[in-house]
Amino acid sequence: APWKPVLLLLSPPTFSTTCARCAKGRRLRQKRAISERQLTRYFVDHRKVRVVGGQGGPGGHSFYSEPRKIFGGPDGGNGGDGGHVILKADQQTKSLSSVLPFYQGFHGERGGRKNCYGANGAYVYVKVPVGTLVKEDGEVVADLTQHGEEYVAAYGGAGGKGNRFFLSNENRSPTLFTPGEPGQERVLHLELKTTAHAGLVGFPNAGKSSLLRAISRAKPAVAAYPFTTLNPHVGIVHYQDYEQVAVADIPGLIKGAHQNRGLGVTFLKHIERCCFLLYVVDLSVPQPWIQLQDLKYELQQYDRGLSERPCVVIGNKIDLAESRINLPLLKEQVAERVIALSALTGDNLEELLWHLRELYDTYVKTEQSRGQSPVKW
């Protein structure tokens, strides 16, 4: 009889999620951009952390023994030291949201036979953003302002001594050995203060976020309602000689911000680390110089000397008719240099970039004359 073809229904192949060969062939999904509203859940500038160093390993307890050597003596080695918990400033980390509430170093291993020492516990590194203050009982114990700077938050305990350590002429066969010491335990408060060269300071809807989008690649949210920006954004301005100036978009301030109105203290603390300030004033409102007076007053009440830092006044929204009328009036009332521009249309942005570079060069020369290294990005 002739052979009849048989149709075999094969089930689709199953792929293992742990197989490296199968996972390599799968297409990687691109990350979606996080919006400003979603970013509020991830941006954290306060964190309470409990850190405990690793416990030291106990000492060994043994006596050397092999054929034809009966009394070999004690040979128990010392235990390994416990691992430290170390805070490390990382420039890629922008928030304290990834910091867990508890960290503990790895324990040291027990001392072995034949006078073998136990291995030390591995260190636990905790990445924190650049500009993180470490406080204990209200006092600042560390200030991580440079990339790669480290601070030992909790030391590991010392390893115990083996019975070999207690060998003496009076005691030729000691049986005493000590356990490892516990690691250091501390409760620390981490506080993030944005580190940038320049800070954009202004009232809500003055155009700070639009200006940062115009001069850098940062993409803060922009909308027609106040308090659009709820978290600081840092944009980098690139120059042809490969110098980079970091500009921070500080959320809008209101009157009484130094009294913590409108979360004012939360926003004001991010201005402390800025080397120079860029006051953004809305030229379309009546009497725009009053905005500058109120901003300086809030900064002075929060921290004396903060309003006296090198600055420039930026008159935004020059593309409007009301702004052209208020511009000469503002220059008469203000002693500082006024740069009129439009973040929306890009008018006169070159003057701001040139003056921003002048402020940066002055800052670098001042820090070098003091023998300090300026902040580089």
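**Briefing: fold, confidence and selected elements of the chain**

Of the contacts in the chain (heavy atoms within 4.5 Å) between residues at least 6 apart in sequence, 71% join residues at least 24 apart. The model is predicted: local features need pLDDT of at least 70, side-chain atom pairs count only at pLDDT 80 or more, and totals for chains, interfaces and linings use all residues. Residues are numbered from 1 along each chain as its sequence is written, and side-chain values use heavy atoms, with hydrogens and water left out.

**Overall make-up**
- The chain holds seven helices and 14 strands, taken as DSSP runs numbered from the N terminus (helices H or I, at least four residues; strands E, at least two).
- Of the 377 residues, 44% are buried, meaning under 20% relative accessible area with a 1.4 Å probe, protein chains only; exposed is over 50%, and partly exposed lies in between.

**Confidence**
- The average pLDDT (the predictor's confidence in each residue, from 0 to 100) is 80, and 81% of the residues score at least 70.
- In residues 23–31 the pLDDT is below 50, and this stretch has three contacts in the model beyond near neighbours in sequence.
- Residues 256–260 also have pLDDT below 50, with 14 contacts beyond near neighbours in sequence.
- Where pLDDT is low, the predicted coordinates should not be read in detail.

**The five-stranded sheet**
- An open sheet of mixed pairing runs in the order β3-β1-β8-β5-β6; two strands pair if DSSP finds at least two bridges between them.
- β3 (102–104) and β6 (139–144) are the edge strands, each with a single partner, so one side of each has no neighbour in the sheet.
- Strand β1 (residues 46–52) runs parallel to β3 and is joined to it by three bridges.
- Arg-50 stands opposite Phe-102 in β3.

**Thr-93**
- Thr-93 lies in the loop between β2 (85–90) and β3 and counts as buried at 14% relative accessibility.
- Leaving out residues up to four places away in sequence, Thr-93 touches Ser-98, Lys-127, Val-128, Pro-129 and Val-130.
- Thr-93 and Val-130 are 37 residues apart in sequence, with their C-alpha atoms 7.6 Å apart.

**Helix α7**
- Helix α7 (residues 349–369) has 21 residues and spans 31 Å from first C-alpha to last, close to the 30 Å expected from 1.5 Å times one less than the number of residues.
- Buried residues in α7 include Leu-352, His-355, Leu-356, Leu-359, Tyr-360 and Tyr-363.
- Gly-371 follows α7 and has a positive phi, near 80°.
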